Amino acid sequence: MYSTTTELPVRPIVAPNATTQAAQQDAMLNPRFYTTNFAEIDALHITPENRRMWDDMLAEFRRDPNKDHFKRSPEFDDDFSSMDPALREQFIEFLTSSVTAEFSGCILYAEIKKRIKNPDVRDLFGFMSRDEGRHAGFINHTLRDFNVAVDLSFLTRAKKYTYFQPKFIYYATYLSEKIGYARYITIYRNFEKQPDKRFHPIFKFFENWCLDEFRHGEAFAVLMRSNPHLLQGVNKLWIRFFLLAVFCTMYVRDHARKEFFDFMGLDVDDYDRRVITLTNTISRQVFPETIDTESEGFWELLDTMWKNTEAMRKAEQKGGLFAGVKVAGLKAANAFTFLRLFLRRPHRQALPADVRMQPVW
């Protein structure tokens, strides 16, 4: 008598590596995965005065200026086993955060393309997903060289997705793309001046790479300018919130990695000032109100937030009876510091007639 049941081999469950687990975390300062109201995005339109600009921009996306850029050079095959252990740890943390952010954009943009019918917006998000996927793959290949690649398929299934209103997606991703440009170009220019500090060849790709980030930001700028309700009324307050949230997150996260910036020959205070000021200046192409970064009071409050965060970390490590109370008090202090930042007088400006900018920095 024959059995009609076929036993299939059971695929063993493989636990994700430490890098994938770090990328999966949804801590306050870590990049997140997002979902949103796709029907609302489908309703976006391009105004007649921005039509030619939009068509030119999509034509540039179709040309794909960086399609041949992300090809690894022989330098990637060098032996990096003698890299300082502290630098190796910081470098892997930097790459892990970067690959998570790039892959997050890839997943979100691909999902938007799949879920909407508006041809203008659908094409745009398809192109941007392509770019972000390319970036994520390139970074992950470098992590693979160190035997710590992130399992991106596992990350897609296991990482929690945060719901964001479409307008929050526009504000946050616009700023993410523009600050990404500012960060990459500042690091690239630093290594032009100090080539002896360039400890890995991936940094040689940052100049062309950040042009993708800049181009993505331009697309969001045109979308928002073509739908002006996104820039009016109470939305001005949301814009200020997201500007500050992005700047505070970057400042605190970078200062926690001061040692990594030291390895690159960068002063973290100077680096953050330059990147935040540049991003704030660029964002005046689309936001009617930005942050007064020329005031020392602004920087003092950012520094207060960083010191509170560092004190929280030390209290959590020390533990003990009063650690929880101290951490709660420091979180409240940071919330109050953020409120003080939010209540500062913003920089107001008339929006320029020509939305698009050139990456000249």
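## Basis of the description

The model is predicted, with local features needing pLDDT of at least 70 and side-chain atom pairs counting only at pLDDT 80 or more, while totals for chains, interfaces and linings use all residues. Residues are numbered from 1 along each chain as its sequence is written, and side-chain values use heavy atoms, with hydrogens and water left out.

## Helix α3

Helix α3 covers residues 48-63, where helices are DSSP runs of H or I with at least four residues, numbered from the N terminus. Its 16 residues reach 23 Å from the first C-alpha to the last, close to the 22 Å expected at 1.5 Å a residue, the expected span being 1.5 Å times one less than the number of residues.

Buried residues of α3 include Trp-54, Glu-60 and Phe-61, buried meaning under 20% relative accessible area with a 1.4 Å probe and protein chains only. Among the elements covering the buried residues of α3 are α5 (119-145) and α8 (206-226). After α3 comes Asp-64, with a positive phi near 55°.

## The largest nonpolar core

A nonpolar core is a set of buried Ala, Val, Leu, Ile, Met, Phe, Trp, Tyr and Cys residues joined through side-chain atoms within 4.5 Å. The largest one has 106 residues, and Phe-91, Phe-203, Met-224 and Phe-287 have the most contacts inside it. Helix α7 (residues 166-193) gives the most to this core, with 15 residues.

## Thr-279

Thr-279 lies in helix α11 (residues 268-282) and counts as buried because its relative accessibility is 0%.

Key:
Helices (H or I, at least four residues) and strands (E, at least two) are DSSP runs, numbered from the N terminus. Buried means under 20% relative accessible area, exposed over 50%, partly exposed in between (1.4 Å probe, protein chains only). Contact means heavy atoms within 4.5 Å.
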